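Colleague: I have a model open and would like to learn how to read its features one by one. Could you walk me through it?

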Amino acid sequence: MGTLLLATEVVFLVLAGFYIWNVMKSQSGGRTFGPFSVRDSRRDLDEWARKRETSLTEPLNERVRPQRFEDIVGQSEGIKALRAALCGPHPQHVILYGPPGVGKTAAARLVLEEAKENPKSPFGPEAPFIEVDATTVRFDERGIADPLIGSVHDPIYQGAGAMGAAGIPQPKPGAVTRAHGGILFIDEIGELHPIQMNKLLKVLEDRRVLLESAYYRPGDSAIPPHIHDLFQNGLPADFRLIGATTRPAHELPPALRSRCVEIYFRPLYPDELAQIAERAARRIGVEIPPEAVQAVAGYAGNGRDAVNLIQIAAGAVQNEGRDRVEPEDVEWVVQVAGYSPQPHHRVAGRPTVGLVHGLAVYGPNVGRVLPIEASALYRPGAGQIRVTGVIDEEEVSHGARRMKRRSTAQGSVENAETVLRRFGIALDDWSVHINIPGGVPADGPSAGLAIAMAMYSAIREIPVDGFLAVTGEISLSGSVKAVDGVPAKIEAARKAGARRVLIPDDNWSERWSCDPELEIIPVRDFGEALVYLKGTLLPTVPDLPAPAVAAAGSGLEADASL
Ligand SMILES: Nc1ncnc2c1ncn2[C@@H]1O[C@H](COP(=O)(O)OP(=O)(O)OP(=O)(O)O)[C@@H](O)[C@H]1O
């Protein structure tokens, strides 16, 4: 019996000891966080710390990202304007326009550091650079969460915590407040929800975010003083905005545009893409011969493409134990990644009947060569003019009003037709096909002179100088009228390998009189322009008798159905 009692006592003592040990152990774990004990939390912390010890090498795109303004190719004008807007004593808000992948984000990321170096800049050494992508920034119409502007977490919402339980609304700062004292960069700003855009405009105006909540009572002593302060004085949001967009300026709200300096980044030319590719290869540590660089430039539509092409090719090459990217490696990437050749127009060089290199501007300040083709068949009494490649209707915007208008290029063709008739060509006897490949941009009138010259060349079978580029609007009387974007067009002609450019006399500037590479010639009318049609100067305006005999065709594909 005594033994039994002793055994029971021992068992009881062991159980009690085990219970006490367990209680003490759980108490030594300390507080709990909801369902988590401190021990659980510590275990998770250790796990994350262990994970953080693992890190991969720096991604290639990080390695090739521009580190200084000098690394950004081809945007010197845009960067100069960006510096002027942000690096002085009175920085301004900026909108950066431009196609994708040409260095807008790269430049925006660098400008704050440069501004900080100016002792007169209001950006302090700790000024933040906050980056937001408008295509992914969450927008909640009920205003529960607004990571851009900030919001109030009202006590009714799930997870309002101890403050919520006490009926206290909690202001949550957004990116505009995190950017206080620095720069807020909004990529794709044109994609912001209109309500968010309006809120942003208000913040730009007030330089603070004023929040409201039905749960806020100014006299409530249960609300902590810092929350009273935020409701009464607002969250600070004095920053400078850089908004980047691939949209054209007229698609952005005028109220935003009027508050910002507008800066344009332009598409990159093939030689600039080649430079970016070369630099990327160098940074990655692979060799690249000029032929492979040219191959990249032929397929890359922008700087990002150039870098991506090099990255994939370099990766493949390195996996094979090589350190040199050959043109075949670039071709392989082009195949597998589905790149298409870029239409980087060069002038034809050889004289061609019916082919005139017009000049157009697309985007802000970007010119390009626009080949205009004409073919002609002599069809006595059955003449007609067919135009292909022209956009039938263009949408134009005047502030909030959108209008559709007939393509101005179509009008240019009709003007050219009248001019040729005035010059004695019996168009009733000619079937003429004019083709403007690639669609004509909104500045169609400036193709008028080129169209008239192409038609004339096709009908008279005169080969056009293959190094000639032409811009100018043509009036019904044949005079050549001023057009927009002549400097950009001249640059495009230069890049395309032209040697001579005809421009309207009204656009002439003395600075073009001694260009070492290009002969830039002002012309007043169609007759003057014709003197330069063939590379060898014609002594006078050509004689233009109406054709008397049958069947003159052009050098370009004659269309029997004309
Ligand atoms: N002009 C350039 N000079 C040098 N590198 C460039 C240039 N443009 C683009 N790149 C390369 O492409 C990458 C992407 O460019 P970035 O993000 O600046 O383009 P973006 O104009 O902001 O385009 P998106 O509108 O698509 O954001 C850069 O990190 C850089 O490696």
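Colleague: Is glutamate 461 buried, exposed or partly exposed?

Modeller: The idea is to count neighbours: a residue is buried if 20 or more other C-beta atoms lie within 10 Å of its own, exposed if 12 or fewer, and partly exposed in between, with C-beta atoms placed from the backbone. Glutamate 461 has 13 other C-beta atoms within 10 Å, so it is partly exposed. Its place is in the loop between helix H16 (448–460) and strand E19 (463–466). Helices (H or I, at least four residues) and strands (E, at least two) are DSSP runs, numbered from the N terminus.

Colleague: What is the phi of arginine 207, and where does arginine 207 lie?

Modeller: Arginine 207 is not a glycine, yet its phi is positive, about 60 degrees. You will find it in the loop between helix H8 (194–206) and strand E8 (208–209). With 13 other C-beta atoms within 10 Å, arginine 207 is partly exposed.

Colleague: Before we go on, how should I treat the numbering and the confidence?

Modeller: Residues are numbered from 1 along each chain as its sequence is written. This is a predicted model, in which local features need pLDDT of at least 70 and side-chain atom pairs count only at pLDDT 80 or more, while totals for chains, interfaces and linings use all residues. pLDDT is the predictor's confidence in each residue, from 0 to 100. The chain averages 85, and 83% of the residues score at least 70. Over residues 538–562 the pLDDT is below 50; this stretch has 47 contacts in the model beyond near neighbours in sequence, a contact being two residues whose C-beta atoms, placed from the backbone, lie within 7 Å. For the complex, the predictor gives an ipTM of 0.97 and a pTM of 0.72.

Colleague: Which strands pair with E10?

Modeller: Two strands pair if DSSP finds at least two bridges between them. Strand E3 (residues 94–97) pairs with E10 in the parallel sense over 4 bridges, and leucine 96 has alanine 244 as its bridge partner. Strand E7 (residues 183–187) also runs parallel to E10, over 5 bridges; there, isoleucine 183 stands opposite arginine 240.

Colleague: How many residues surround the ligand, and which are the closest?

Modeller: A residue counts as near a molecule if its C-beta atom, placed from the backbone, lies within 6 Å of it. The ligand is surrounded by 24 residues, the closest being Pro100, Gly103, Lys104, Thr105 and Gly303. Helix H5 (104–116) and helix H13 (303–319) are the elements that give two or more residues to this shell. At least three residues come from each of domain 1 (75–211 + 223–264) and domain 2 (270–337), with bounds from an automatic or database domain assignment.

Colleague: Where does glutamate 113 lie?

Modeller: Glutamate 113 lies in helix H5. It is partly exposed, with 14 other C-beta atoms within 10 Å.
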